[in-house]
Amino acid sequence: MKLFIASIRILAAAFVVCCIAYPLAVWGFGRVVAPDSAEGRLIRTADGTVVGSRLIAQAFASPRYFWPRPSAVDYNAAGAGGSNLNPSGEKLRARGEEIVARYGATPERPLPADLATASGAGLDPHISREAADYQVERIAAARGLSPEQVRGVLGSGLVNVLEANLALDAISSRE
Amino acid sequence: MSSTLVLLLTLGGALVLSWPLGRWLAVVFSATGPCDRIFQATAGLLGREDQTWSRYLLAMGSFNVLMFVIVAIILGTQQALPFNPDGKGPLTWDLIFNTTASFVTNTNLQHYSGEVSMSYFSQLGALMFMQFVSAATGIACLAALARALAGAPTVGNFFIDVQRATFLVLIPMSFIVAGLYVLGGMPMTFGGAVEARTLEGAVQTIARGPVAAFVAIKQLGTNGGGFFGPNSTHPFENPSMLTNIVSMIALVIIPMACVWMFGRITGRMRHAAVVFGVMLVLLAGKLSWSVWHESAPTPAFNGLPIAADVGNLEGKELRLGALTGPLWAVLTTSTSNGSVGAMHDSLNPLTGLAPLTGMWLNETFGGVGVGMINMFVYIIVAVFLAGMMIGRTPEYCGKRVETREMLLASATLFFHPLFILGGTAIFAATHWGAGTISNAGPHGFSQILYEFSSAAANNGSGFEGLGDNTVPWNVATSLVMLLARYIPIALPLAIAGSLARKPRVAETAGTLPVDVPTFGVMLLGVIVLLGALTFLPAALLGPVADHLVNLSR
């Protein structure tokens, strides 16, 4: 019994420090040094509506937009997950075939691998530069822009799909 | 960032930092640790007693029973408790049992998805709470073991040790790591989920939360239970290369430092260096294996017009780079952490063998505290075998290793494969397991094998395609986690206690030295041989068959 009493006293102290003081301290630190990322790097329109998070992929189906990597959870940011498919299995091959058809990939113009594979959480906000270039012609045609204009929204390295699509809309609204 | 640089920063950073941390651990657990007066006051009357190994175990047991009760109550009533902005409902009894066992035993096997099922109170007040005190339990037990081997008749006081580990090691380190996480872009908010209206007019609900604080102790305490379902592949749980590298260092640094702490308390630093070297060799082996096999493109896409120049990207995140999948997979299973930086189910079949091996051996640095305790058992076996081979009386730390010690060591080594192979056999043969796999054939067998390996190693990662939130899975893995946690703590402590009672024999030229590379080779041989004899048949039925089926297509 004495053992339990000592345990209770220690667990109570640990609860106060670990579960109250510590998270509050980290929370306070975040509020001061990085308030934007502490809230999830949300993007808002002028009237305050949340468009999305820079870190979280969203579904894009219109040919006017860059398309993100496939998502095993249909971009559900309240229930994320990967496909957990066997990398040599039939189910994954079937998805590969479906995506190849959607992009019209050919042996001469193979699809970048990131566009055919679902990410770990199904919310990867990025595509590779190759995967973005792969989609430039389609977007240019759909928007009536030149491919150079579309390429203009891409930086070097990985492409954040939501940011690139916001930039596309900004160009189109200026035209 | 190039893969070589990531590897250098991660492993180099962990190696360098483990040295001063080991020194700090030794200071904290020395006879006159800082803040001991405060800890004695908190513990009350029992804070002043010197405990024998059995009394120490009893104290640890009571503490852990209480942990279990508290977590079960919180999880069982979360719908009525505060800090539930998204209105999470009640959980089923078997999921409560499983999650409680999982977090009390430092396993963090998750048969639920955090952002779907758990309130903020459950996440912070129950799960994160356990991530601190269960990790502290492991570190405390290692300190007791080391003191017994140093020859002390009593092994310290559990109630003081567990506070030292919590307040002087885990809390300050977590704060530093969480701070780096916040700078690296990880969310830390008590605001609930937000509704976003996308450019195409759809509505997306984005779950958020106090992620940074949670993830820091998840990584440091070899816990591994993620805030979000997909763990550290989730962009909020691992938003950038900075958080990625910090996370990988954090998951291995305390297990590494525990080896140095063991060396300092026992006063045998050269021996500790040999053991550290053996662990490092095992780590390097698993790492080379997994990086090599994961650089092959996704096998399912053979013959499709999909570029095959970047390795297997299924289940991986672009911002974390190509190396993170295999590197994290090896680190997390070597250390009994169990967080993931890529989906293990979708690793190439032979890559998947590396994490399985990590959990089967379970002492390549291992869980905080308990990894070195596991290694201690292998050391006893190696000392004994070496003694037999050269015809000398086996001795360790100046004490004779005899029948009683060997019986206890063999028993410890016996239970681990029994839980894994026995459990796998039962579930593979019955609907309990066969009805829950998401892939037919050898990959399905691997899923079952992985789940039991993870539970028995107190690891917590999984081949997540397995539909494991069922009553049989929840109950079976709970029992395995509990037994596989406390048996390998209790029996080694009994060995150390038994050694401590023996008279010290003088170390002469005839004594088998344990602080030379030759002993390291011997130890490595024992580990590899025992592991191979036990687990190769299962490896052949799972990952290897999976790979061969591929080749034959």
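The structure is a predicted model. Let's start with chain B as a whole. Chain B holds 18 helices and four strands. For its 553 residues, a compact globule would have a radius of gyration near 24 Å, and chain B agrees with that at 23 Å. Along the principal axes, its C-alpha atoms fill a box of roughly 80 × 60 × 45 Å. Of the 553 residues in chain B, 62% are buried. Among contacts in chain B with a separation of 6 or more, 79% join residues 24 or more positions apart.

Now to where the chains meet. On the chain B side, 98 residues are in contact with 85 residues of chain A. Helix 7 of chain B gives the most to this side, with 12 residues. Other elements giving two or more residues include helix 3 (53–76), helix 6 (120–149) and strand 1 (194–197) of chain B. The make-up of this side of chain B is as follows.

| Residue class | Number on the side of chain B that touches chain A |
|---|---|
| Nonpolar | 58 residues |
| Polar | 29 residues |

Finally, have a look at Asp124(A), in the loop between helix 3 (90–103) and strand 3 (126–127) of chain A. Asp124(A) counts as buried because 29 other C-beta atoms lie within 10 Å, where the cut-off is 20 or more. Leaving aside residues up to four places away in sequence, Asp124(A) touches Ala57(A), Arg69(A) and Ser119(A), along with Pro235(B), Glu317(B) and Leu318(B). Asn160(A) is 36 residues from Asp124(A) in sequence, with 9.1 Å between their C-alpha atoms.

Note on methods
Residues numbered from 1 in each chain as written. Chains lettered and ligands numbered in written order. Predicted model: local features only at pLDDT ≥ 70, side-chain atom pairs only at ≥ 80, totals over all residues. Contact = placed C-beta atoms within 7 Å. Nonpolar A, V, L, I, M, F, W, Y, C, P; charged D, E, K, R; others polar. Buried ≥ 20, exposed ≤ 12 C-beta atoms within 10 Å, placed from the backbone. Rg over C-alpha atoms; globule rule 2.2 N^0.38 Å.
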